[in-house]
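Below is a report on one predicted model.

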Amino acid sequence: MAVNRRPLQSDEPGGMAVVGGDRRVDELAGRLAGSGSAMIVGAYGSGKSYFSRAIVAELAHRGVFAAVVRGAAPLQTIPFGALRAAGDPRLETLWEGGGATETPLVIAIDDAHALDSASIDVVSRAIYAGRARVLFSVSSDVTSGLSAAPDPFRELWLDGIVARYDLQALDPETADVLISEFGGGDFDSVTKAALFVRSGGSRMLLHELCADAAAEFAAHRDPLDLARHAPVGSRLSDAYATALTDLSKEQHLAIAVVGRLPGIEFAAACRCVDPDDLDSLIAGKSLRTEGGRRELHVVPALAREAERMLDAGTLERALDLLARRALENPERPAGLAVDRLIAGFWHSMRDSVPGPAEVPADARRRILAGAARSANGDGRYDLALAFARHGAEVGQCAALRLETSRAYAGLRRFDEAFSVLAIDGPEQLNGHDLRRLVRWWASLTTWVPESHSIDRLAEALDAAGIDDAGVWSELDAQRAEFAALAMDWESACALADTVIRSRQTHSITRLRCTIIAAYSDMLLQRFESGEARFLAAARRNLDLVSGRPISVIAELVMLCLEAVAGSFTGRHNPTLADRLQIAVQLAAARNDSDTLALGNAATAMVLGFARGDDSVAERELAAALRRLDKIEYSVWRPLLSYMRAYALTRLGDTQKASLVLDLIDDRVLGHHKLYRYTALSVEASLNAASGDVRQGVELLNETIEHLGPSNETIVAAYEQARLTTYTEALRAGADSIRGRDLTPGFPHRDRHTAPADRTGGSPAPTETIDAVDELSEREYEIALLVAEQLSNKEIARRLFLSVRTVESHVYTARGKVGARTRRELGRVVADAEVARER
């Protein structure tokens, strides 16, 4: 009999109820009904039980009713324990003896590796004697790949009497199908990817995770919220507990340690747990590793279940041991996770480890600064402040000041955040700390007055004689980002190139500037250069060994910008979708809400806006905005909110779009031109969709008028939007455009509501009226406000423009109408209005 060892999927497409229609279910059911036995081998959670049940159901559909047995550890010491527990009297013939029968008994044994020795013996003999045809399902070890089948069953396979089928590991594509079935298909891409990661390849656990996620979504909560605990005894909690049953106590301890210290380096964890246990858990997907130092991570819920399974005090003793061993050589860094453990012990005055007074001052400051950095990263700003204050007791340092500032900013105490960033004596800081200072200072400027601009920091560094080229490259990189936000693409590109050319530029900074330059080139219609730069950035961020991005965040930002550039220019990169899938999987493996949010944002751009799928864009952006919470990424929030409002508008939900716009924090809008014009274009679309086509087109006119020649690509997109708005309104017969000239290129001016003559002048001659008609829509609006005797500053405040812009329009308008003064401009425009009225 031919040996059949082939991989198969146990649950395609549904997993929980595969019957009849699945070719492989038919194949195995046919074998059991007519020709022989089969053994299904797969790791825990691979779907063996579901697949076996599907085959049993198909056999019943054919009129063959199998005796169903389930092996269980508590019954292994009882002869025929599992067979008797099945309650099927036909099974008694196995141990009562008898020869071959015309119709052999069909038996399905789940977890056959857990049968007692007597049962294994009689089942094997029955197969050899032809009295039974059996479907076994047995586990395989995730590390070695060997099956747990008892020797007699393995020999049946090796002798060709039993065919073997190996279940494939759960892959992302199959998981996506299962998640859609289990959870209803409404999850965003990052939630789907995270559910797959957290399932550890277990279909059973994936099913419970999907059910839990669906309940959280229905309650308008984020299912990926790491602070949420699954209730003890809940289905999800029990599913995690079941996932741990085949692991040893030592492995439970290793999982619990990583759960308490997420991001702990492999070498540090080996100080209190066996390295072999860590390697086994990594191979079995219970633990994940990141980075060159193999930082360890685990699903928090799994770690909590592992901790519950430990004897009282086991975990605390292991953590004490880890802290003591790290403090034996405190000058040698053990990583942020261990720093936070030690600082937490000091903060709680735990006497089982050496106290802070026993540690040298420099090492104590470093440990407390690392602990504060870790706490800030988790959003525990109060704890970060406490750690930083403990460190300050033995003297301030740059790292402590920076983490104190981050904690204050997290608490939205921005003045205090700047006050602790003392820039007196920057020459005392090393290059690494200075670069971090520059990046953090730039992040804070989003929320503070102009008095704290990046130029102020540059002046202080210059005055102190800082000549570190890497620090100045970091300053230029920040200026390049600000130039991009100001939509000054030429300056952004020039500054980015300066950074790229410097040999002292940090690798991540160089990557950021390559992305900025690529995006700027695309909007300046230098397409070949832009595409080449994007390609260079992608290659620079690629790990040649693993083929994965070195920086997941940089990859996600790059995907966002490349997709947006493709939307504006019509030059779409076909590789973005494949890169996105990899990046989202990596983001989903992180226990960091902001990385998850960027994964959602990238999906919205690549699979939403770039493909014209507004429903995908809206769903992903809604998820991104729920998860984005760090101050460093605050610059993204207004832009993502505007884009979500735009997607909602296109989907016809103008009420929700208006609510999204109302919630935007406008404190950052005055600093960056990009925000203002994004706001104008979204408001234009919303007005038009709400029925006020006139206002929508006028807002687009205003946006186009002030973008300037350096934004031809964006202008072209807005021109198309204006044309589309006008055409759709005509097609719908909208009342708001009847009798009005709103055609692209001819801005509308409704002069029927013009002010009366406030100057007392005589009616304007025809040539003056003709000259006034030459004014643009904005110039005319400003001239009318001049006639009302408003100052340039008052006009700027009313129209949300800069004073310089108002001055420029007044100057241009005077030239067009031949007015020698500002007052004369107002008089001429007012006279022209009176003449029309008469």
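## Salt bridges

Arginine 479 is partly exposed, with a relative accessible area of 23%. Buried means under 20% relative accessible area, exposed over 50%, and partly exposed lies in between (1.4 Å probe, protein chains only). Aspartate 476, at 18%, is buried. These two residues form a salt bridge, with 3.3 Å between the closest N and O atoms. A salt bridge here is a side-chain nitrogen of Lys or Arg within 4 Å of a carboxyl oxygen of Asp or Glu. Both residues sit in helix α23 (residues 469-485), three residues apart, about one turn of the helix. Helices (H or I, at least four residues) and strands (E, at least two) are DSSP runs, numbered from the N terminus. An α-helix has 3.6 residues a turn, so residues three or four places apart point the same way.

Salt bridges with shared partners also join Arg260, Glu307, Glu316, Asp320 and Arg350 into one network. The structure holds 45 salt bridges. In one of them, arginine 62 pairs with glutamate 58, the closest N and O atoms being 3.0 Å apart. Arginine 62 is partly exposed at 40% relative accessible area, whereas glutamate 58 is buried at 5%. In another, glutamate 290 meets arginine 590 at 3.7 Å, N to O. Glutamate 290 lies in strand β7 (residues 288-290) and arginine 590 in the loop between α28 (576-588) and α29 (593-608), so the pair ties together parts that are 300 residues apart in sequence. Arginine 590 is partly exposed, at 22% relative accessibility.

## Basis of the values

This is a predicted model: local features need pLDDT of at least 70, side-chain atom pairs count only at pLDDT 80 or more, and totals for chains, interfaces and linings use all residues. Residues are numbered from 1 along each chain as its sequence is written, and side-chain values use heavy atoms, with hydrogens and water left out.

## An enclosed strand

Why is strand β6 (residues 162-167) described as largely enclosed by the rest of the structure? Six of its six residues are buried. Val162, Arg164 and Asp166 point one way from β6, while Ala163, Tyr165 and Leu167 point the other way.

Strand β2 (residues 37-42) runs parallel to β6, and five bridges join them. Two strands pair if DSSP finds at least two bridges between them. Serine 37 stands opposite valine 162 in β6.

## Helix α14 and the cores

Helix α14 (residues 300-309) is mostly covered, with seven of its ten residues buried. Among the buried residues are Pro300, Leu302, Arg304 and Glu305. The buried residues of α14 pack against α10 (235-243) and α11 (249-260). Contact means heavy atoms within 4.5 Å.

The largest nonpolar core has 95 residues. Such a core is a set of buried Ala, Val, Leu, Ile, Met, Phe, Trp, Tyr and Cys residues joined through side-chain atoms within 4.5 Å. Ile255, Val257 and Ile264 have the most contacts inside it. Valine 257 touches Cys272, Val273, Leu315, Ala318 and Leu319, not counting residues up to four places away in sequence. A second, separate core of 74 residues includes Ala554, Leu628, Val715 and Tyr718.

## Loop residues

Aspartate 111 has a phi of about 55° and lies in the loop between β4 (105-110) and α5 (117-128). Aspartate 111 is buried at 16% relative accessibility. Methionine 487 has a phi of about 60° and lies in the loop between α23 and α24 (489-501). Methionine 487 is buried too, at 3%.

Alanine 43 lies in the loop between β2 and α2 (48-61). Alanine 43 is partly exposed, at 21% relative accessibility. Alanine 43 and serine 140 are 97 residues apart in sequence and 4.7 Å apart in space, C-alpha to C-alpha.

## Cavities

How many cavities of 30 Å³ or more does the structure hold? There are five. A cavity is a set of points on a 1 Å grid over the protein atoms alone, where a 1.4 Å probe fits but cannot get out; lining residues have an atom within 4 Å of a point. Grid points are joined across faces, edges and corners, and a volume is the space filled by probe spheres set on the points.

The largest cavity has about 190 Å³ of space. It is lined by 17 residues, of which Arg198, Pro223, Arg228, Tyr240 and Ala301 lie nearest its centre. α8 (189-199), α9 (203-218), α10 and α14 each supply at least two residues of that lining.

Terms used: On a 1 Å grid over the protein atoms alone, a cavity is a set of points where a 1.4 Å probe fits but cannot get out, and a pocket is an open set with protein on both sides within 12 Å along at least five of seven lines; lining residues have an atom within 4 Å of a point.
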